[in-house]
Amino acid sequence: MMRTVTEPARLRALLDEERRAGRTVGFVPTMGFLHEGHMSLVQRACAENDVAVVSVFVNPTQFGPGEDYEAYPRDPDRDAAMLADAGIELLFAPTPGAMYPEGFCTDVEVQGISDIMCGASRPGHFRGVATVVAKLFGIAGPCRAYFGEKDYQQLAVIKRMAADLDMPVEVIGCPTVREPDGLAMSSRNVYLSAPERAMAPALHRSLVAAADLVARGETDPARVRGAVLAVLAAEPSWSIEYVDVRDAETLAGVDGIDREVVIAAAGRLGRARLIDNVVVAPR
Ligand code: AMP
């Protein structure tokens, strides 16, 4: 039987009890409206731990003014049914008031890597992410926590934060789950109209084409970026936000591709802001 917990202190007490009994805890933080990408994390958390907890919380502080906090898709009943079916023991579904009570005034800022890529167009976004994940880690306590590589920069920010702040959490990255045509699964894909949905796989296609160039020996990041832009230019509805080639580990910029890199891009298609990335090693 899955239990739904809304109070942070209650979740902490339940998980402390599990750990005292010698059981390991797996944790999957989400914003809900679950899809197969989320469920791949859930399956790993269940397979690799004695107890698994999933949080569903649409975190207001990681949305900028004018972004889609209010419109963000939500379906708590369906989420709960999917998690119960998957064998999750605990669902943590706090209210914004429980997470940010009156007087809350602490921020976690992971310097540098929060300001590039998605951080450049979404100022404050990764501060909101780092702060809420720090809170969730504090509430959950020692555990393994699972995050998707789909949000590659988010994963890097969280790994850095957990290491820098000595958090007792092992952060584990999981591969991106895609639709059959390559589109990375995302709760925001519901924003796409039918014609936009047909154009959406071009993002992944462009990244695969660029990764292919690298695998065949291209070492100039500018030419790799150019390859992504060339594919997307054929789809005029795409409005590209950035295309970036960076060190896959540190997200530092690279002059020449002499180690594993991540090729990442973000763009808008109508109302939807989509991101994707591929990791590739030089030949
Ligand atoms: P979200 O609900 O969008 O905040 O995502 C919750 C977690 O699921 C994050 O760690 C995401 O990176 C991960 N996730 C989202 N979409 C996918 C996907 N298509 N494949 C793998 N993980 C994903």
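I shall discuss the ligand site, then a group of strands, then the salt bridges, and finally some individual residues.

First, the basis of the values. This is a predicted model, in which local features need pLDDT of at least 70 and side-chain atom pairs count only at pLDDT 80 or more, while totals for chains, interfaces and linings use all residues. Residues are numbered from 1 along each chain as its sequence is written, and side-chain values use heavy atoms, with hydrogens and water left out.

Let me turn to the ligand. Around the ligand there are 17 residues, and the closest are Met 31, His 38, Asp 151, Val 177 and Met 185; a residue is counted as near if one of its heavy atoms lies within 4 Å. By class, this shell comprises 8 nonpolar, 7 polar and 2 charged residues. Here Ala, Val, Leu, Ile, Met, Phe, Trp, Tyr, Cys and Pro count as nonpolar, Asp, Glu, Lys and Arg as charged, and the others, Gly among them, as polar.

His 38 has a polar side-chain atom 2.8 Å from a ligand oxygen. For Gly 148, a polar backbone atom is 2.9 Å from an oxygen atom of the ligand. Asp 151 has a polar side-chain atom 2.6 Å from an oxygen atom of the ligand. On its own the ligand has 480 Å² of accessible area, of which the protein covers 93%; these areas come from the Shrake-Rupley method with a 1.4 Å probe, and for residues only the protein chains shown count as cover.

The elements giving two or more residues to the shell are β2 (25–30), α2 (36–48) and β5 (143–148). Helices (H or I, at least four residues) and strands (E, at least two) are DSSP runs, numbered from the N terminus. Helix α2 supplies the largest share, 3 residues.

Next, the strands. Two strands pair if DSSP finds at least two bridges between them. Strand β7 (residues 239–247) runs antiparallel to β8 and is joined to it by 8 bridges; Ser 239 has Arg 268 in β8 as its bridge partner. On β8 and strand β9 (residues 272–280), the pairing is again antiparallel, over 9 bridges. There, Ala 265 is partnered by Asp 276 in β9. The hairpin of β8 and β9 has 2 residues between the strands, and Gly 270 takes a positive phi near 60°.

Is strand β8 enclosed or open? Of its 9 residues (261–269), 8 are buried, so β8 is largely enclosed by the rest of the structure. Buried means under 20% relative accessible area, exposed over 50%, and partly exposed in between, with a 1.4 Å probe and protein chains only.

I now come to the salt bridges. Side chains of opposite charge can pair when their charged atoms come close. The criterion is a side-chain nitrogen of Lys or Arg within 4 Å of a carboxyl oxygen of Asp or Glu, and a search of the whole structure finds 21 salt bridges.

One of them joins Arg 178 and Asp 276, at 2.8 Å from N to O. Arg 178 lies in the loop between β6 (169–174) and α8 (194–199) and Asp 276 in strand β9, so this pair ties together parts 98 residues apart in sequence. Arg 178 is partly exposed at 23%, whereas Asp 276 is buried at 4%.

Another salt bridge links Asp 164 and Arg 160, also with a distance of 2.8 Å. Both residues lie in helix α7 (residues 152–164), 4 residues apart, about one turn of the helix.

Finally, some individual residues. Asp 68, in the loop between β3 (51–56) and α3 (76–86), is buried at 15% relative accessibility. Its side chain makes a polar contact of 2.8 Å with the side chain of Arg 188.

Phe 33 has a positive phi of about 50° although it is not a glycine. Phe 33 sits in the loop between β2 and α2 and is buried, at 18%. Asp 166, in the loop between α7 and β6, has a positive phi near 50° and is exposed, at 66%.

Definitions and conventions. Polar contact = N/O pair within 3.5 Å; in protein donor to acceptor, adjacent residues only side chain to side chain.
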